[in-house]
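Open the model in your viewer and keep the sequence panel beside it. The tour goes from one selection to the next and says what is there.

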Amino acid sequence: MKIQIRKGRKEDLKSVLNLIKELAEYENAIDEVTITLKELESDGFGNSQHYKFLVAVIDEKIIGLSFYWFRYSTWKGKTVHLEDLIVTKNMRNKGIGALLLDRVILFGKEMGVKRIEKVGK
């Protein structure tokens with residue numbers, strides 16, 4: 001099983017939305033997902049990019065993602081905020097989440113951020 005971690009692309013958004021909904025179902029909150037493909041496209045690939053994401057891929061199928069954006073700390077400077085790290089149910093416990101997290105950390109180091117944080121659950 002060869003797992004590829006790569007930057008997310010616009011054509012990945014349908015799979016991204018499916019993973020978001022899978023997470024919401026797991027958390028018994030599917031009715032709270034109101035984001036649309038159009039919004040994801042505009043917010044991630046429009047004039048102002050509000051988020052970025054990485055995907056985990058096996059055999060050209062997206063099986064996980066890390067969803068993040070930049071923040072700024074008045075004390076620390078550039079910060080990466082990891083919003084969600086999602087791995088599809090049948091691919092969990094195979095180290096894919098760790099691979100995604102490692103790549104976010106590497107990306108943060110490359111961008112010169114002072115910290116990476118996850119607030120909440």
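Select asparagine 93 to begin: its place is in the loop between strand 4 and helix 3 (96–111). Asparagine 93 has a positive phi of about 65 degrees, although it is not a glycine. With a relative accessibility of 83%, asparagine 93 counts as exposed. The terms work as follows: buried means under 20% relative accessible area, exposed means over 50%, and partly exposed lies in between, with a 1.4 Å probe and protein chains only.

A word on the model: it is predicted, local features need pLDDT of at least 70, side-chain atom pairs count only at pLDDT 80 or more, and totals for chains, interfaces and linings use all residues. Residues are numbered from 1 along each chain as its sequence is written, and side-chain values use heavy atoms, with hydrogens and water left out.

**The whole chain**

Now select everything. The protein has 3 helices and 5 strands, and along the sequence they follow the pattern β-α-α-β-β-β-α-β. The C-alpha atoms fill a box of roughly 40 × 30 × 25 Å, taken along the principal axes. The radius of gyration is 14 Å, which agrees with the value near 14 Å for a compact globule of 121 residues. That radius is taken over C-alpha atoms, and the globule rule is 2.2 Å times the number of residues to the power 0.38.

Of the 121 residues, 38% count as buried. The protein exposes about 8100 Å², of which carbon and sulfur atoms supply 49%; the areas come from the Shrake-Rupley method with a 1.4 Å probe, and for residues only the protein chains shown count as cover.

**Strands 1 and 2**

Select strand 1 (residues 4–7) and strand 2 together: they pair in the antiparallel sense over 4 bridges. Two strands count as paired if DSSP finds at least two bridges between them.

Is strand 2 mostly enclosed or mostly open? Of its 7 residues, 6 are buried, so strand 2 is largely enclosed by the rest of the structure.

Strand 2 and strand 3 run antiparallel and are joined by 7 bridges.

Next, click glutamate 60, in the loop between strand 2 (52–58) and strand 3. Glutamate 60 is not a glycine, yet it has a positive phi of about 70 degrees. Its relative accessible area is 78%, so glutamate 60 is exposed.

**Inside strand 3**

Move along to serine 66, found in strand 3 (residues 61–73). Is serine 66 buried or exposed? Serine 66 is buried, with a relative accessible area of 0%. Leaving aside neighbours within four places in sequence, serine 66 is in contact with Lys52, Phe53, Leu54, Leu82, Asp84, Leu85, Leu100 and Val104. Contact means heavy atoms within 4.5 Å.

Show strand 4 (residues 77–87) beside strand 3: the two pair in the antiparallel sense over 10 bridges. A hairpin of 3 residues joins strand 3 to strand 4. Find leucine 65, whose bridge partner in strand 4 is isoleucine 86.

How do strand 4 and strand 5 run, parallel or antiparallel? Strand 4 and strand 5 (residues 115–117) run parallel, joined by 3 bridges. Pick histidine 81 here; it stands opposite glutamate 117 in strand 5.

**Last stop: helix 2**

Finish at glycine 44, in helix 2 (residues 37–45). Glycine 44 is buried, with a relative accessible area of 4%. Not counting residues up to four places away in sequence, glycine 44 touches Gln49 and Tyr51. Use the distance tool from glycine 44 to leucine 54, 10 residues apart along the chain: their C-alpha atoms are separated by 12 Å.
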